[in-house]
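Welcome, and please get your viewer ready for a short walk. We will go from one selection to the next and look at what is there.

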Amino acid sequence: GAASITFDDTNRGKADRGNGFYMGDSIKFNASGETDGGIGVAVYYEWDGQILDDHNIKLTGGFGTIQFDGHGASSAMGAIDDKTPNAYEEAWDIIDTDGASATGSPTVINGSGAGDSMWIYTSPNMGGATLQVAYRNHVDAASESMTDFSIVMSPEAIDGLTVGIGMSDNSIGNNIDSDESTMFATYAT
């Protein structure tokens, strides 16, 4: 188990937490095992504020990882949506695009980002490259399906370099399709 006390700057929209200090209110359950065939099985549940919050099940092996996420995971595109250094979290975190408030409603390239009832496949590392694919079908009445993928590569020949590309196809109700793509390169020395 674990316990924590956290502080958030109240000037960044956390005024509802009083003086900025707060404790977590969740209980997390993890269970894992391995089949006779060597496939790892893990399940995770979080009981957060008296509500079942994040939960998923994973199968792992030489094939990579297959995860069914009931709630709380990031899609393949959402995992690489912003590779800006974390000085002020996401690059779009302080942008006001609608003029309504200091928080605004920024347009973020992240595909579906996250969602409930999503399948996620992550390949094993193949020479520094990892493929991730996410699929979600019939999310709600307004959204029909989502498919996205990302490829992230850290070439062994150039220590510190990471490059990636991601693409997303969201089929929204009323025959509207939303396609997004992003790419990044980071170098750490």
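Strands (E, at least two residues) and helices (H or I, at least four) are DSSP runs, numbered from the N terminus. The model is a predicted one: local features need pLDDT of at least 70, side-chain atom pairs count only at pLDDT 80 or more, and totals for chains, interfaces and linings use all residues. Residues are numbered from 1 along each chain as its sequence is written, and side-chain values use heavy atoms, with hydrogens and water left out.

Start by selecting Asp53, which lies in strand E5. Asp53 is buried but has no salt bridge, and Lys28, the nearest side chain of opposite charge, is 8.6 Å away. Here buried means under 20% relative accessible area, exposed over 50%, and partly exposed in between (1.4 Å probe, protein chains only). A salt bridge is a side-chain nitrogen of Lys or Arg within 4 Å of a carboxyl oxygen of Asp or Glu; for charge, Lys and Arg count as positive and Asp and Glu as negative, while His and the chain ends are not counted.

Next, show E5 (residues 51-61) with strand E6 (residues 64-71): the two pair in the antiparallel sense over seven bridges. Strands pair if DSSP finds at least two bridges between them. E5 and E6 form a hairpin with two residues between them. Select Ile57 and you will find Phe68 of E6 opposite.

Stay on Phe68, which also stands opposite Trp119 in E7. E6 and strand E7 (residues 118-122) pair in the antiparallel sense over five bridges.

Finally, pick Ile39, in the loop between strand E3 (26-34) and strand E4 (40-48). Ile39 counts as partly exposed because its relative accessibility is 33%.
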